[in-house]
Amino acid sequence: MGYDVSMDGRTKITEIDVINLSTNEILQKIPYSYRTDIAEDDPKNYFAIYASDSSMAPLLDVGDIAIIKKYNDFSNGKTYLLKIKNGNPIIRKVIKSDNGNVELQAMNMWNFPTQYDFNFEDLEILGEVVKVENNSAFK
């Protein structure tokens, strides 16, 4: 494939799919580096999407690529690709408050205010954002 591979023998490079979440169509493939000695790093557990809005700018803006680890569990304070009550997928930082409710925080809070008072039953977690391929920050 022409990608650099580390010399330690544990790291390999393959490709993962960039998908359109509306159609599940594969738009392209991108390189993905993973450790062969860590089972959860298996490339089958990952996919990527293009950001469709600026809610997480400047970290992730329109057209940037978010690499998602397929994951349906929740850890407080991490950033996830999720759906609210069968809505469109969005990327937000998920915060569980002391009263058990969930807040969804965008980085761009001026244009995308924090959403409050969700229950976990309101949310479908599609995966955790683990990496961003950001082309927008330094235009």
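# Exercises on an all-strand model

Read along the sequence, the protein follows the pattern β-β-β-β-β-β-β-β-β. The model is a predicted one.

## Exercise 1. Overall description

Task: State how many helices and strands the protein has, and what share of its residues count as buried.

Solution. 
1. The protein has 9 strands and 0 helices.
2. Along the principal axes, the C-alpha atoms occupy a box of roughly 50 × 35 × 30 Å.
3. The chain has 139 residues, of which 35% count as buried.
4. Among the contacts with a separation of 6 or more, 46% are made by residues 24 or more positions apart.

## Exercise 2. The largest nonpolar core

Task: Determine which residues make up the largest nonpolar core and which elements give two or more residues to this core.

Solution. 
1. In soluble globular proteins, nonpolar side chains tend to be buried together.
2. Here the largest nonpolar core has 12 residues: Ile19, Phe47, Ile49, Ala51, Met56, Leu60, Ala66, Ile68, Leu81, Ile91, Ala106 and Val129.
3. Strand S3 (46-50) and strand S4 (65-70) are the elements that give two or more residues to this core.
4. Apart from this core lies another, of 10 residues, including Ile84, Val94, Val102 and Ile125.
5. Val129 may then be examined by itself. Beyond its neighbours within four places in sequence, valine 129 is in contact with Ala66, Ile67, Ile68, Thr79, Tyr80, Leu81 and Ile91.

## Exercise 3. The surroundings of isoleucine 65

Task: Decide whether isoleucine 65 is buried or exposed, and list the residues with which isoleucine 65 is in contact, leaving aside its neighbours within four places in sequence.

Solution. 
1. Isoleucine 65 is placed in strand S4.
2. The relative accessible area of isoleucine 65 is 10%; buried means under 20%, so isoleucine 65 is buried.
3. With neighbours within four places in sequence left aside, isoleucine 65 is in contact with Ile30, Ala48, Ile49, Tyr50, Leu60, Lys131, Val132 and Glu133.

## Exercise 4. Salt bridges

Task: State how many salt bridges a search of the whole structure finds, and describe the pairs of aspartate 37 with arginine 10, lysine 44 with aspartate 42, and lysine 78 with glutamate 128.

Solution. 
1. The search of the whole structure finds 7 salt bridges.
2. One of them joins the side chains of aspartate 37 and arginine 10, at 3.8 Å from N to O. This pair links distant parts of the chain, 27 residues apart: aspartate 37 is in the loop between strand S2 (25-35) and S3, and arginine 10 is in the segment before strand S1 (11-20).
3. Aspartate 37 is partly exposed, at 42% relative accessible area, and arginine 10 is likewise partly exposed, at 38%.
4. Lysine 44 and aspartate 42 also meet in a salt bridge, at 3.7 Å from N to O. Lysine 44 counts as exposed because its relative accessibility is 62% and the cut-off for exposed is over 50%. Aspartate 42 is partly exposed, at 26%.
5. The side chains of lysine 78 and glutamate 128 form a salt bridge of 3.7 Å, N to O. Lysine 78 is in the loop between S4 and strand S5 (79-84), while glutamate 128 is in strand S9 (residues 123-133), so that the pair links distant parts of the chain, 50 residues apart.
6. Lysine 78 is partly exposed at 35% relative accessibility, whereas glutamate 128 is buried at 13%.
7. Salt bridges that share partners join Arg10, Arg35 and Asp37 into one network.

## Exercise 5. The largest pocket

Task: State which element gives the most to the lining of the largest pocket and how the lining divides by class.

Solution. 
1. The largest pocket holds about 320 Å³ of space.
2. It is lined by 21 residues, and Leu21, Ile49, Tyr50, Ser52 and Pro89 are the closest to its centre.
3. At least two lining residues come from each of S1, S3, S5 and strand S6 (90-96). S6 gives the most, with 3 residues.
4. By class, the lining has 12 nonpolar, 6 polar and 3 charged residues.

## Exercise 6. Backbone geometry

Task: Identify where the peptide bond from alanine 57 to proline 58 stands, cis or trans, and where asparagine 24 is found.

Solution. 
1. The bond from alanine 57 to proline 58 is cis, with omega near 10 degrees. Proline 58 lies in the loop between S3 and S4.
2. Asparagine 24, although not a glycine, has a positive phi of about 60 degrees. Asparagine 24 is found in the loop between S1 and S2 and is exposed, at 57% relative accessible area.

Terms used. Residues numbered from 1 in each chain as written. Predicted model: local features only at pLDDT ≥ 70, side-chain atom pairs only at ≥ 80, totals over all residues. Heavy atoms only, no water. Core = buried A, V, L, I, M, F, W, Y, C linked by side-chain atoms within 4.5 Å. Buried < 20%, exposed > 50% of the residue type's maximum accessible area, 1.4 Å probe, protein only. Helix = DSSP H or I, 4+ residues; strand = E, 2+ residues; numbered from the N terminus. Contact = heavy atoms within 4.5 Å. Salt bridge = Lys/Arg side-chain N within 4 Å of Asp/Glu carboxyl O. 1 Å grid on protein atoms, 1.4 Å probe; cavity = no way out; pocket = protein on both sides within 12 Å on 5 of 7 lines; lining within 4 Å. Points joined across faces, edges and corners; volume = space filled by probe spheres on them. Nonpolar A, V, L, I, M, F, W, Y, C, P; charged D, E, K, R; others polar.
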